[in-house]
Amino acid sequence: MAAILLFGTAGCRRQRKTEEGVSSESAQKMELTATSEYAVNVEEGALESEKIETESNESQSAFPSAYKSKKKMVTFDCALEVPNEFLNGNFSMPSVRGINYGDPQKQYDVLVKPHESEIAETDKNESLEDGKPDDMFYDLANGDHYTTGNGVNFYTPKGIKYGRVLPHDEGILSHNIFTFGTPDDKINEIKKLVNDIGYSSDQYAFSWYSLSSEERNKMEQQAVEEGRVTSENIPDQWEQGDDTYTIYAWQNYNGLDVLPWYMTVNMRAAEMDFSTAPLTAVFDEDGLQTFQMSAPIMLENTDKTGEAVQVLPFEKIADAVENRFESMITDQHYTVKKAKMVLRTYNDENQKLSAEVVWHLTVTDDKGNIQILMYDALTGKEIFLT
């Protein structure tokens, strides 16, 4: 049954996201619109709040764009990422039909068949599940690799090297334009590839970032100095011409990014950023160097009016987070840096794939350690991750 999501009002701004994802023209900048912003501070039981009036072309927003509050155990200093579609009052919960494994034959015809004469080795991982295709592995004489079946994977030897160190801070990603094409050109190439192998690119929200050879050398050297990799793992320097675009995308349902079931099992797997997106691709001046795409979830909008359900105001979620840490024996103070409303998919108690709207929170402690917390947006209950 479809359900219409309603919102409790909350007094601060909200962050908006477009249906089309982020293009090179916007360079991943989010539009912020607001009727008012509340800066809330709680110090030793004393509550101070300041309401700052701002201009808006809209009526009172159901969610803020930013939530700031200092409590005993937790400081909130984050944007609230809520899609525009939720503000229309007609969002319907989807029914989950399963996992879309696509068409393995199309995957083979598009990706592997043009290189059949170059195949040096083939392997197969037979599926033990009904309806799930076998995974097929193809290694080419030049070192290129293809996987088809449960999602697709392609990489070149150079593509593997590009992945030896990745940016570890999403806030410092560059968005520069190189001479071998624009990010929009590369996004369109990936959209065509996704469509050609039997999927629909319309269900994804695409983003991108760039890395020049100079930036990559500095990033790798920093990783060595910080002990994240050894110098033996970085035997050479990148040269002019090794500039790259990384394209990444999240499956999207009515404005909500979709978390694949395997990302909602444990805390380590649940972090959402450019490196964990279920679709990624890397381009340099020689073309596509890596392409990875997990099988998407089949979500169906029933377009039926169902029983209305109340989505809690974010203040209720904030209270639940504070109560969580108050119940722990710790001298740490925690900061919520990011709060994003997403559609979580998971296997229920009957091992049936289901979906629910959740708040995905990125939390750090005094030492900089990161935790991922999830809360049901309707009930406020924590979804415990191992």
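Q: Buried means under 20% relative accessible area, exposed means over 50%, and partly exposed lies in between (1.4 Å probe, protein chains only). Why is Asp-257 called buried?
A: The relative accessibility of Asp-257 is 3%, so Asp-257 counts as buried. This is a predicted model, in which local features need pLDDT of at least 70 and side-chain atom pairs count only at pLDDT 80 or more, while totals for chains, interfaces and linings use all residues. Residues are numbered from 1 along each chain as its sequence is written, and side-chain values use heavy atoms, with hydrogens and water left out.

Q: What makes Lys-340 and Asp-257 a salt bridge?
A: A salt bridge needs a side-chain nitrogen of Lys or Arg within 4 Å of a carboxyl oxygen of Asp or Glu. The closest N and O atoms of Lys-340 and Asp-257 are 3.2 Å apart, so the pair qualifies. Lys-340 sits in strand 20 and Asp-257 in strand 15 (residues 256-259), 83 residues apart. Lys-340 has a relative accessible area of 8%, so Lys-340 is buried as well.

Q: With which other residue does the side chain of Lys-340 meet in a salt bridge?
A: That residue is Glu-81, with an N to O distance of 3.2 Å. Lys-340 in strand 20 (residues 334-347) and Glu-81 in strand 7 (residues 74-81) are 259 residues apart. Both Lys-340 and Glu-81 are buried.

Q: What makes Arg-344 and Glu-356 a salt bridge?
A: Their closest N and O atoms are 2.5 Å apart, so this pair passes too. Arg-344 belongs to strand 20 and Glu-356 to strand 21 (residues 353-364), 12 residues apart. The relative accessible area is 10% for Arg-344, so Arg-344 is buried. For Glu-356 the value is 14%, so Glu-356 is buried too.

Q: How many salt bridges does the rule give?
A: The count is 15. Elsewhere, Lys-161, Arg-164, Glu-220 and Asp-236 are linked in a network of salt bridges.

Q: Why is Gly-368 called partly exposed?
A: The relative accessibility of Gly-368 is 47%, which falls in the in-between class, so Gly-368 is partly exposed. Gly-368 is found in the loop between strand 21 and strand 22 (370-376).

Q: What makes a set of residues a nonpolar core?
A: The members are buried Ala, Val, Leu, Ile, Met, Phe, Trp, Tyr and Cys residues joined through side-chain atoms within 4.5 Å. The largest such core has 37 residues, of which Phe-314, Val-321, Met-341, Trp-359 and Leu-361 touch the most other members. Elements giving two or more residues include strand 7, strand 15, helix 5 (314-326) and strand 20. Strand 21 gives the most, with 6 residues. A second, separate core of 26 residues includes Phe-178, Leu-193, Val-194 and Trp-208.

Q: Why is the pair of Trp-208 and Tyr-245 called edge-to-face?
A: Rings of Phe, Tyr and Trp (its six-membered ring) pair if their centres lie within 6.5 Å, and planes under 30 degrees apart count as stacked, over 60 as edge-to-face and the rest as tilted. Trp-208 and Tyr-245 are 6.0 Å centre to centre with 85° between the planes, so they form an edge-to-face pair. Trp-208 lies in strand 13 (residues 204-211) and Tyr-245 in strand 14 (residues 244-253), so the pair ties together parts 37 residues apart in sequence. Trp-208 has a relative accessible area of 0%, so Trp-208 is buried. Tyr-245 also has 0%, so Tyr-245 is buried.

Q: Which residues form one aromatic cluster?
A: Tyr-67, Phe-76, Phe-314 and Trp-359 do. In the whole structure, 17 aromatic pairs are found.

Q: Why is Trp-261 called partly exposed?
A: The relative accessibility of Trp-261 is 34%, so Trp-261 counts as partly exposed. Trp-261 lies in the loop between strand 15 and strand 16 (279-284).

Q: What share of the chain is made up of buried residues?
A: Buried residues make up 51% of the 386 residues.

Methods. Helix = DSSP H or I, 4+ residues; strand = E, 2+ residues; numbered from the N terminus.
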